[in-house]
Amino acid sequence: MSSSWSCEVESSVPAPRLFKAAIMDWHNLAPKLSPDKVVSAVPVEGDGGVGSIRQFNFAPGMPFSYVKERLDFIDVEKFEVKSSLIEGGGIGTHVESASSDTVFVSKDGGCVVKVVGSYKPVPGANADEEAERVKASFVGIIKTAEAYLLANPDA
């Protein structure tokens with residue numbers, strides 16, 4: 001049986017800038033902005049477009065050593081991305097599969113970032129705890145990218 005979670009994060013940063021930083025360039029920014037969490041991030045396959053795979057390697061003490069995600073859908077004009085976790089993270093221990101659909105909606109000069117995550121738990125695993133960690137991580141990514149963009153208006 002599949003489950004899902006959702007989350008909304010408001011930001012004073014316009015949707016185009018936050019989408020670019022938090023989604024399209026996050027593999028470059030994460031190790032610089034959150035070195036205590038992400039030690040490195042590398043493109044594994046593709047050019048950053050649909051079908052591309054990126055790997056994020058995490059610092060010791062984090063729940064996982066790495067994750068690989070595939071970008072399944074990108075609409076840079078509507079600021080939407082869909083991605084799937086394909087390796088690492090909780091795959092095989094907490095969930096059989098996981099994906100997310102994230103959209104940045106313009107609002108009052110800033111935006112609201114909406115994400116819906118879907119996952120299929122491994123039988124017997126407590127995937128609800130994992131979903132809460134993922135949700136907190138998502139909020140952290142958005143707020144870290146927002147803080148960077150507010151501090152660097154030309155970025």
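## Helices and their contacts

Ala21, Ala22, Ile23 and Met24 of helix 1 meet Trp26, His27 and Leu29 of helix 2. Contact means heavy atoms within 4.5 Å. The model is a predicted one, in which local features need pLDDT of at least 70 and side-chain atom pairs count only at pLDDT 80 or more, while totals for chains, interfaces and linings use all residues. Residues are numbered from 1 along each chain as its sequence is written, and side-chain values use heavy atoms, with hydrogens and water left out. Helices (H or I, at least four residues) and strands (E, at least two) are DSSP runs, numbered from the N terminus.

The axes of helix 1 and helix 2 come within 6 Å and cross at roughly 80°. Helix 1 is therefore roughly perpendicular to helix 2. Axes are lines fitted to C-alpha atoms, for helices over the stretch in contact, and angles run from 0 to 180 degrees between N-to-C directions. In naming angles, under 35 degrees counts as roughly parallel, over 145 as roughly antiparallel, 65 to 115 as roughly perpendicular and the rest as oblique. By class, the contact of helix 1 with helix 2 has six nonpolar residues, one polar and no charged. Here Ala, Val, Leu, Ile, Met, Phe, Trp, Tyr, Cys and Pro count as nonpolar, Asp, Glu, Lys and Arg as charged, and the others, Gly among them, as polar.

Helix 2 also meets helix 3: their axes come within 11 Å and cross at roughly 80°. Helix 2 and helix 3 are therefore roughly perpendicular to each other. From helix 2 the contact takes Trp26, Leu29 and Leu33, and from helix 3 it takes Ile141, Thr144, Ala145 and Tyr148. These residues divide into six nonpolar, one polar and no charged.

Seven strands form an open sheet in the order 1-7-6-5-4-3-2, with antiparallel pairing. Two strands pair if DSSP finds at least two bridges between them. Strand 1 (3-11) and strand 2 (38-45) are the edge strands, each pairing on one side only. From one strand to the next, the twist averages 20°.

| Strand pair | Bridges | Example of partners |
|---|---|---|
| Strand 5 and strand 6 | six bridges | Glu80 and Val103 |
| Strand 6 and strand 7 | 12 bridges | Ala98 and Tyr119 |

Ser106 also has a bridge partner in strand 7, namely Cys111. Strand 5 and strand 6 form a hairpin with six residues between them, and Gly89 in the turn has a positive phi of about 55°. The hairpin of strand 6 and strand 7 has two residues between the strands, and Asp108 takes a positive phi near 50° there.

Gly49 lies in the loop between strand 2 and strand 3. Not counting residues up to four places away in sequence, Gly49 touches Leu71 and Ile74. Gly49 and Arg70 are 21 residues apart in sequence, and their C-alpha atoms are 9.7 Å apart in space.

Helix 3 lies across strand 1, strand 6 and strand 7, and runs at about 20° to strand 1.

## The largest pocket

The volume of the largest pocket is about 1200 Å³. A pocket is found on a 1 Å grid over the protein atoms alone: it is an open set of points where a 1.4 Å probe fits, with protein on both sides within 12 Å along at least five of seven lines, and lining residues have an atom within 4 Å of a point. Grid points are joined across faces, edges and corners, and a volume is the space filled by probe spheres set on the points.

The pocket is lined by 43 residues, and Val67, Val134, Ser137, Phe138 and Ile141 lie nearest its centre. Elements that give two or more residues to this lining include helix 1 (15-24), strand 4 (66-75) and helix 3 (127-151). Helix 3 supplies the largest share, 12 residues. The lining divides into 25 nonpolar, 13 polar and five charged residues.
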